[in-house]
Amino acid sequence: MDFYRLADDLPEPDLELLDRLRTFLDAEVAPVANWHWARERFPHHLIEPLGKLDLGGLSYSGHGLPGRTSLLDGFVTLELASTDPSFATFFGVHTGLAMGSIHLCGSEEQKAEWLPPMHRFEKIGAFGLTEPNVGSAAARGLTTTARREGDEWVLNGEKKWIGNATFADVTVIWAKDEADGQVKGFLVEKGTPGFTATKIEGKIALRTVQNAHIELVDCRVSEASRLQRARTFADTAAVLRMTRTSVAWQAVGCSIGAYRRALAYAKEREQFGRPIGGFQLVQDLLVRMLGNITSSLCLVAQLSRLQDAGRMTEEQASLAKAFCTTKMRETVGMARELMGGNGILLEHEVGRFVADAEAIHSYEGTREMNTLIVGRALTGQSAFV
């Protein structure tokens, strides 16, 4: 699937790690992905073996974390998403959004307490930013509030679409400080009074992911649970900028997952006495899909190199997210088209990628919002409102 052999740039230890990951995905995740997706259940039994692969917070350094490259982390995300976008989303929420918030915004004490067990997947994290009535407007419009009372903070409000939150050990809650109007982050542990996470039912995408509607009613956390380096929404945005790269990699992986299955189908399915892969229109679809994948992969690989060099900008991450998710939508649609009616059957799997692509297209900033970030950089004019 890596037509221009971009992974060849990785050192041998990184390639060996990817091989171990593929073995795990093929043996453990792929056989159960459809079953859990159809039933909206999460494969909790896979968390422990996943933790043994040394993948948690792969590109973070310090506190016993691996300190590998963002490029390797991107290929890990691609492999996960090409097998099961839901499992990749669980991984991204935990290692990117939750661990990333602590890595970027936490004190040294908070990092020491949380990052090592989260790296081992012994403690699972979630990230609570989006609200029932606040999505793209989170920078200015958060309604969840935080009020300080002595050495405690009192949180009130609601969050929606919060992945992993039904079972997470800690959820990063972003709330507006009533005193100064600035957004701050808080580590809310499972079982904290006033914190309720209810599973969202009836999704048509990423059904394995346990998204929650969170209610915070006079939920009290200590000052020690406030992310000490999160002072304004700019700090929240730094986390999102970092993880937006990962979502672009997810989009490439989702595209590859659909393409891989469509290609295998084209070689096996026969019509008019021969495999359909021998027909011109089918080959045209396959090449168009591969072109989308290859262009997207080249883009995200260079983006991760810029990230590793400390040179990645917000608009570069936004362009990747907007472009790759748009090409993903095209690619999974062509995969379903190639398979005809069989493309909507779960047993052929492509339909799962088509559905999951819809969620990936929207989260971590819609195409439209990311386009406006890039447009602002190009023109110097803000067109958000």
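1. **Overall build.** The protein has 11 helices and nine strands. Its radius of gyration is 21 Å, close to the 21 Å that the globule rule gives for 385 residues, so the protein is as compact as a globular protein of that length. Note that this is a predicted model.

2. **Extent and burial.** The C-alpha trace spans about 80 × 50 × 40 Å along its principal axes. Of the 385 residues, 53% count as buried. Take the contacts between residues at least 6 apart in sequence: 76% of them join residues at least 24 apart.

3. **Main core.** The largest nonpolar core holds 69 residues. Those with the most contacts inside this core are F24, L50, F75, V76, F87, F90 and L338. Eight helices each supply at least two of its residues: α1 (12-39), α2 (47-51), α3 (70-83), α4 (85-105), α7 (233-268), α8 (280-308), α9 (314-338) and α10 (350-362). The largest share, 13 residues, comes from α7.

4. **A closer look at F87.** Which residues does F87 touch, leaving aside those up to four places away in sequence? They are F24, V29, F42, P43, L46, L50 and L80. Of these, F24 and L50 are also listed among the core residues with the most contacts.

5. In soluble globular proteins, nonpolar side chains tend to be buried together.

6. **Surface and charge.** The protein exposes about 16300 Å², and carbon and sulfur atoms supply 51% of that area. There are 42 positive and 48 negative side chains. The centres of the two sets lie 3 Å apart.

Note on methods: Residues are numbered from 1 along each chain as its sequence is written. This is a predicted model: local features need pLDDT of at least 70, side-chain atom pairs count only at pLDDT 80 or more; totals for chains, interfaces and linings use all residues. Side-chain values use heavy atoms; hydrogens and water are left out. A nonpolar core is a set of buried Ala, Val, Leu, Ile, Met, Phe, Trp, Tyr and Cys residues joined through side-chain atoms within 4.5 Å. Buried means under 20% relative accessible area, exposed over 50%, partly exposed in between (1.4 Å probe, protein chains only). Helices (H or I, at least four residues) and strands (E, at least two) are DSSP runs, numbered from the N terminus. Contact means heavy atoms within 4.5 Å. The radius of gyration is taken over C-alpha atoms; the globule rule is 2.2 Å times the number of residues to the power 0.38. Accessible areas come from the Shrake-Rupley method with a 1.4 Å probe; for residues, only the protein chains shown count as cover. Lys and Arg count as positive and Asp and Glu as negative; His and the chain ends are not counted. The place of a charge is taken as NZ of Lys, CZ of Arg, CG of Asp or CD of Glu.
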